[in-house]
Amino acid sequence: MRGIITLGVALVTIAAFGLARAAAPLRSTTHHVLIEGMRFSPEVVKVNLGDRVEFKNADLVPHTASSTAGTPFDSGILESGRTWSFTCETEGTVAYRCNFHPTMTGSIVVQPGE
Ligand SMILES: [Cu+2]
């Protein structure tokens, strides 16, 4: 009897979890961009709406990730070893660069997702 009740509770919990998941419009993924050797890697990231892009500065010098076209964003000064993340809430392509080293460029392509 106790086993049946436990099973019942487990099934209700699974059903509730399933409904909660169905109600959420998007699953958010975090994409990683490493700043290393004076470049953004990968240079182009394709993401879905609602995803996050996390930048990590693995160089010894400070950098920034600052948009130049598309949705505005700016990490500010990213010291060595620091991370900063950006949530993609608008569809389209965002071009960015490092304000200290303008030859360092990258882009984020934000797709509508499923
Ligand atoms: Cu830089």
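Reader: In which strand is the place of valine 109?

Author: This is a predicted model, and what follows is computed from it. Valine 109 belongs to one of its strands, namely strand 8.

Reader: Is valine 109 buried, exposed or partly exposed?

Author: A residue counts as buried with 20 or more other C-beta atoms within 10 Å, and as exposed with 12 or fewer. Valine 109 has 14 such atoms within 10 Å, so this residue is partly exposed.

Reader: Which residues is valine 109 in contact with, leaving aside neighbours within four places in sequence?

Author: One of the contacts is threonine 93. Valine 109 and threonine 93 lie 16 residues apart in sequence, yet 4.4 Å separates their C-alpha atoms in space.

Reader: Over how many bridges do strand 7 and strand 8 pair?

Author: Strand 8 covers residues 105–111, and its pairing with strand 7 is antiparallel. Within this pairing, glycine 92 stands opposite valine 110. The count of bridges between strand 7 and strand 8 is 6.

Reader: Which residue in strand 7 stands opposite alanine 69?

Author: Strand 7 (residues 92–97) also pairs with strand 5 (residues 66–69), in the antiparallel sense over 3 bridges. In strand 7, the residue opposite alanine 69 is alanine 95.

Reader: What is the bridge partner of valine 53 in strand 6?

Author: Strand 4 (residues 52–57) pairs with strand 6 in the antiparallel sense, over 5 bridges. The partner of valine 53 in strand 6 is phenylalanine 86.

Reader: Which are the edge strands of the open sheet of 4 strands?

Author: The order in this open sheet is 2-1-4-6, with mixed pairing. An edge strand here pairs on one side only, which holds for strand 2 (39–41) and strand 6 (83–87). From one strand to the next the twist averages 25 degrees. The edge strands are strand 2 and strand 6.

Reader: Over which residues does pLDDT stay under 50?

Author: The protein averages a pLDDT of 86, and 76% of the residues score at least 70. One stretch, with 0 contacts beyond four places in sequence, stays under 50: residues 19–24.

Definitions and conventions. Residues numbered from 1 in each chain as written. Predicted model: local features only at pLDDT ≥ 70, side-chain atom pairs only at ≥ 80, totals over all residues. Pairing = 2+ DSSP bridges. Helix = DSSP H or I, 4+ residues; strand = E, 2+ residues; numbered from the N terminus. Axes fitted to C-alpha atoms, helices over the stretch in contact; angles between N-to-C directions. pLDDT = per-residue confidence, 0-100. Contact = placed C-beta atoms within 7 Å.
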